[in-house]
Amino acid sequence: MKIFLDTADLAEIEQLLPTGMIDGVTTNPSLIAKSGADIKKTIAAICEMVSGPVSAEVTATDVETMRKEADVLAAIAPNVTVKLPLTQAGLTVCKQLSAQDVMTNVTLCFSPVQALMAAKAGASFISPFVGRLDDLGQDGMNLIRDIYDVYANYAFETEILVASIRGPQHVTDAALIGADVVTIPPKILAQLYKHPLTDKGLADFLADWDKTGQSIL
Ligand code: E4P
């Protein structure tokens with residue numbers, strides 16, 4: 001399972017890259033706003049740091065302007081993945097970009113039939129938002145299962161990118177389903193390493209080791 005970092009914060013990306021776990025980055029207009037930085041400079045900087053796909057989202061809602069924005073974003077670096085909303089206009093632009101081998105990530109997916117439309121539009125990635133469905137009292141992971149069932153009936157190449165991750169359990173559930181990608185906020189990525197028995201076990205080992213007076217180096 002590929003892991004993308006869901007952030008536009010350069011310092012967070014820089015800090016987590018040495019883990020070797022980061023296969024790409026996703027951003028959205030809210031994350032860019034939170035970073036307080038210029039979108040084009042930020043995406044260029046992330047693309048220099050990360051060789052995998054880096055999602056940069058358009059903000060226009062009509063086909064013509066969206067396409068212009070998509071071209072600007074795609075020109076920043078070869079690993080830019082143009083992120084498009086799951087609207088009729090977004091999928092129209094997605095179809096155009098996929099015909100030109102530009103990577104695309106269709107975002108704000110909340111139903112299996114929307115995911116079907118994105119795959120037909122040639123999306124490289126479809127981003128179903130599990131956390132936001134959970135917030136409504138639904139089980140967001142059911143959407144991931146349904147999309148896999150739909151895609152299994154056909155020969156789509158669209159990868160399922162599980163988004164709106166709210167905690168380690170979402171990552172576990174996505175992995176149990178066999179999701180292609182999860183995009184994880186940095187704070188949650190750090191939690192994936194943690195278990196109280198690991199902390200306790202390590203503390204016990206080190207306490208015993210101290211008693212030996214030995215040193216490995
Ligand atoms: C993914 O591409 C989105 O940027 C992100 O996962 C949305 O997460 P949120 O619902 O926590 O804002």
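## Ligand site and backbone features of a predicted model

The protein contains eleven helices and eight strands, where helices (H or I, at least four residues) and strands (E, at least two) are DSSP runs numbered from the N terminus. This is a predicted model, in which local features need pLDDT of at least 70 and side-chain atom pairs count only at pLDDT 80 or more, while totals for chains, interfaces and linings use all residues. Residues are numbered from 1 along each chain as its sequence is written, and side-chain values use heavy atoms, with hydrogens and water left out.

The C-alpha trace spans about 70 × 40 × 30 Å along its principal axes. Of the 217 residues, 44% count as buried; buried means under 20% relative accessible area, exposed over 50%, and partly exposed in between (1.4 Å probe, protein chains only).

The ligand is surrounded by Asp6, Thr26, Asn28, Lys83, Phe129, Arg132, Ala163, Ser164, Arg166 and Thr183, a residue being near a molecule if one of its heavy atoms lies within 4 Å of it. This shell divides into two nonpolar, four polar and four charged residues. In this grouping Ala, Val, Leu, Ile, Met, Phe, Trp, Tyr, Cys and Pro count as nonpolar, Asp, Glu, Lys and Arg as charged, and the others, Gly among them, as polar.

| Side chain | Distance to a ligand oxygen atom |
|---|---|
| Lys83 | 2.6 Å |
| Arg132 | 2.6 Å |
| Ser164 | 2.7 Å |

The protein covers 85% of the 340 Å² of accessible area that the ligand has on its own, by the Shrake-Rupley method with a 1.4 Å probe. The space taken by the ligand is the largest pocket. A pocket is an open set of points on a 1 Å grid over the protein atoms alone, where a 1.4 Å probe fits, with protein on both sides within 12 Å along at least five of seven lines; a molecule sits in one if more than half of its atoms lie within 2 Å of its grid points.

Most residues other than glycine have a negative phi. Ser164 is found in the loop between β7 (159-162) and α9 (168-177) and is buried, with a relative accessible area of 10%.

Asp101, likewise not a glycine, has a positive phi of about 60 degrees. Asp101 lies in the loop between α5 (88-99) and β5 (104-109) and counts as exposed, at 73% relative accessibility.

Conventions: Polar contact = N/O pair within 3.5 Å; in protein donor to acceptor, adjacent residues only side chain to side chain. 1 Å grid on protein atoms, 1.4 Å probe; cavity = no way out; pocket = protein on both sides within 12 Å on 5 of 7 lines; lining within 4 Å.
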